[in-house]
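Here are my notes on the model, in the order I would go through them with you at the screen. Have the viewer open as you read.

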Amino acid sequence: MGQLQPGGFGAAGKLQERESWVSGASTSARGLEWMNQRRSFGTVAWTGENERYDCQNKAKSSLSFGTGDVSALQRADGRYVPRPYLTSITTKNQGNGDISDIAMWDISFEWVVYSRADFNTYSTAFMIPGNIINVSFGWNNQFGSVKIDRAAIYNFGWTYNLDGSFTCNASALAKTAVAGGFIVGPGRGLVKSTQTTEDGETSTSYSIIRKLQKQVDEAVGVRRVDGEVIIKGGLTTGTARSVGNFGVVKIEKEAGFFASNFTDANEMLISFVTVGEIAQFFNNNILNGLASIDVSTATFKDSFLFKSADPVKIILPGRGADYTGFGSTNNNFTGLLGNANTVRDIFVSTNLLMDIEKELLDRKKEGEEASFTVHQFMGQLFKEIETETGGIINCFLQSDPQQTEEIKRYFVVNRHNDIKQADAAYTFTTLKPTSILKGLSMSSNLDAEMSAIAFTGGGGKFPSNAISNVFKCKPKKSDSNDTEEKVDTKEALINKIKEMGDAYNSENVSDFRSVLRKHFMTSEFPKGLAIPYSINLSVTIDGVDGIQFFNTFTIDNLPAGFGDVFFAVGEIEHSVSDGNWDTTIVGYMMIRT
């Protein structure tokens, strides 16, 4: 297992067998047993371990489904009462429409106890945050089961009932979500520093990026003396130099812009580090061998027109770093070595990294500890890269919950280049005797921006032909009497690149972003990709194991207005109670480019 791609349907064979049983085509005793005598089982067990605390009572405990019948009675508190038993288990991932979060498994379960002794025993097992539990459930007689090991308790509650019983509940987060829980804070990467002003006032700040800044400065020979930035050996204006994954850039700019990081009125000297090195920095300093961020497979489309709109923040590798060639002779940063069209070799300024860190730390509420998670930092970094590249690079962290490796790997994926097309590997039938559906629904959740794109097309989150691919509609032909001047996006983009090549001007950055995004979305969006669109299809069936994230499916009765689309599994929920097990999958609509 590793980076997920759409394809296959892990439970197809089992579901086809069920269709045969339902239709009567198969009358095997085993099939009839499943249809008429099936009953679910479920167990939640405490391993005796806690990831946070050293608890005095380490006795292992487990709960299973039960009925509280006479055979289960026990003597307690001077009366006969049922033994403790589970009443429900629910497991679901936290995708919520975003494929970047599919690895976040959340587990909730409920149980009942009837004695004080049992209440104490099972509250010790399932009501201490950090307790590690194993969960399993499925059908009796080997008709399928699901097992989730090493989940950590994080929430709990209980209610006292008038019959003397206690109804209890707890929630746990599966350890597949480990990287999202890695916190950068005081004593966990953030280094405290104190500054004293000329007036004698002191202020305290925290940072982990200063450590990375120091590594960059040492590697490329940058010194900071009395607010001035000096580079060993000098550097020609409008060029760059790199040492491994570290670099330094001297940008030709227009006078009057940016008072910081300058050597004179028309130059800026800025240090840079690659995305791959940033990921490795967190791997070494925060994830500490328990998880890793892998940037090796993320790519973006090749085009000589693709540049960063703001080279003070982001510089693309290869010819993406060259702003000359369209009549200007300045600002060629190809001295930043790296492989073209690879996300790991994108250079990011340490100034931007400092700004991201400060923004994340400033979000904390009053009285809260200064901290942020690795996911939050990388997510904010990817947003900045997306903004400055006009959506050409739209990355997220993705992890596969079925990974079996001891070290959890999180892959960086570019939505706009790395997710390939696929066909629906399984089709659910409706309105037929063979249908095994228990529930079916579809919903769209377009935000205001997407709604605007649906009418105007281009320049937003989707390529201009996205609506045509989703719905069986063609864009209206432009009115022949329409006198609105059509903009040649290629020519407009070349002009922006020339302007940036002549000299950096911060006032031109916003227009550069807009033109770059419009050109990419309308003219150069990659073909052969699958992009998640904000329409979800929810399917509920009798419990089944084997469905994997990004498995592809459809139904035989899609609304007539839809075009050539398919659905990729992005959310899975299992619900077990009263001897029954239901599985609900939510498929994210994928549109083809």
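Strands themselves are DSSP runs of E, at least two residues long, numbered from the N terminus. Please also keep in mind that this is a predicted model.

1. **The β15-β16 hairpin.** Strand β15 (residues 239-243) pairs with β16 in the antiparallel sense, over five bridges. The two strands form a hairpin with two residues between them, and Gly244 in the turn has a positive phi of about 65 degrees.

2. How much of β16 is buried? Six of the seven residues of this strand (residues 246-252) are buried, so β16 is largely enclosed by the rest of the structure.

3. **A four-stranded sheet.** Have a look next at the open sheet with the order β12-β11-β10-β21, whose pairing is mixed. β12 (202-207) and β21 (372-373) stand at its edges with a single partner strand each, so one side of each has no neighbour in the sheet. Further in, strand β10 (residues 183-186) and strand β11 (residues 189-196) pair in the parallel sense over two bridges, and Gly185 stands opposite Gly189 in β11. Helix α6 (residues 350-362) lies across β11, β12 and β21; relative to β12, α6 runs at about 105 degrees.

4. **Aromatic pairs, starting with Phe9.** The count of aromatic pairs comes to 27. Why is the pair of Phe9 and Phe428 edge-to-face? Their ring centres are 6.1 Å apart and their planes stand at 85 degrees, so the pair falls in the edge-to-face class, for which the planes must be over 60 degrees apart. This pair links distant parts of the chain, 419 residues apart: Phe9 is in the segment before α1 (12-23), and Phe428 is in strand β24 (residues 426-428). Phe9 counts as buried at 8% relative accessibility, and Phe428 counts as buried at 1%.

5. **The tryptophan pair.** Trp34 and Trp139 have ring centres 6.0 Å apart and planes at 85 degrees, so this pair is edge-to-face. Trp34 lies in helix α2 (residues 29-37) and Trp139 in strand β7 (residues 131-139), so the pair ties together parts that are 105 residues apart in sequence. Trp34 is buried, with a relative accessible area of 4%, and Trp139 is buried with 2%.

6. **The cluster around that pair.** Trp34 and Trp139 belong to one aromatic cluster that also holds Trp21, Phe137, Phe143 and Trp581. Arg30 lies over the face of Phe143, 4.4 Å from the ring centre, and Arg38 lies over the face of Trp34, 4.6 Å from the ring centre.

7. Most residues other than glycine have a negative phi. Leu431 has a positive value, near 55 degrees; Leu431 lies in the loop between β24 and β25 (437-444). Phe550 also has a positive phi, about 75 degrees, although it is not a glycine; its loop runs between β26 (530-542) and β27 (552-555). Is each of them buried or exposed? Leu431 is exposed, with a relative accessible area of 82%, whereas Phe550 counts as buried at 0%.

8. **One more loop.** Glu406 is found between β22 (395-398) and β23 (408-414), and counts as exposed at 79% relative accessibility. The C-alpha atoms of Glu406 and Gly289 are 9.3 Å apart, while the two residues are 117 residues apart along the chain.

9. **Confidence.** The mean pLDDT of the protein chain is 85, and 85% of its residues reach 70 or more. Over residues 256-265 the pLDDT stays under 50, and the model has 22 contacts beyond four places in sequence for them. Residues 454-459 are also below 50, with ten contacts beyond near neighbours in sequence.

Terms used: Residues numbered from 1 in each chain as written. Predicted model: local features only at pLDDT ≥ 70, side-chain atom pairs only at ≥ 80, totals over all residues. Heavy atoms only, no water. Phe/Tyr/Trp six-rings, centres within 6.5 Å; stacked < 30°, edge-to-face > 60°. Buried < 20%, exposed > 50% of the residue type's maximum accessible area, 1.4 Å probe, protein only. Lys NZ or Arg CZ within 6 Å of the ring centre and 35° of its normal. Pairing = 2+ DSSP bridges. Contact = heavy atoms within 4.5 Å. Axes fitted to C-alpha atoms, helices over the stretch in contact; angles between N-to-C directions. pLDDT = per-residue confidence, 0-100.
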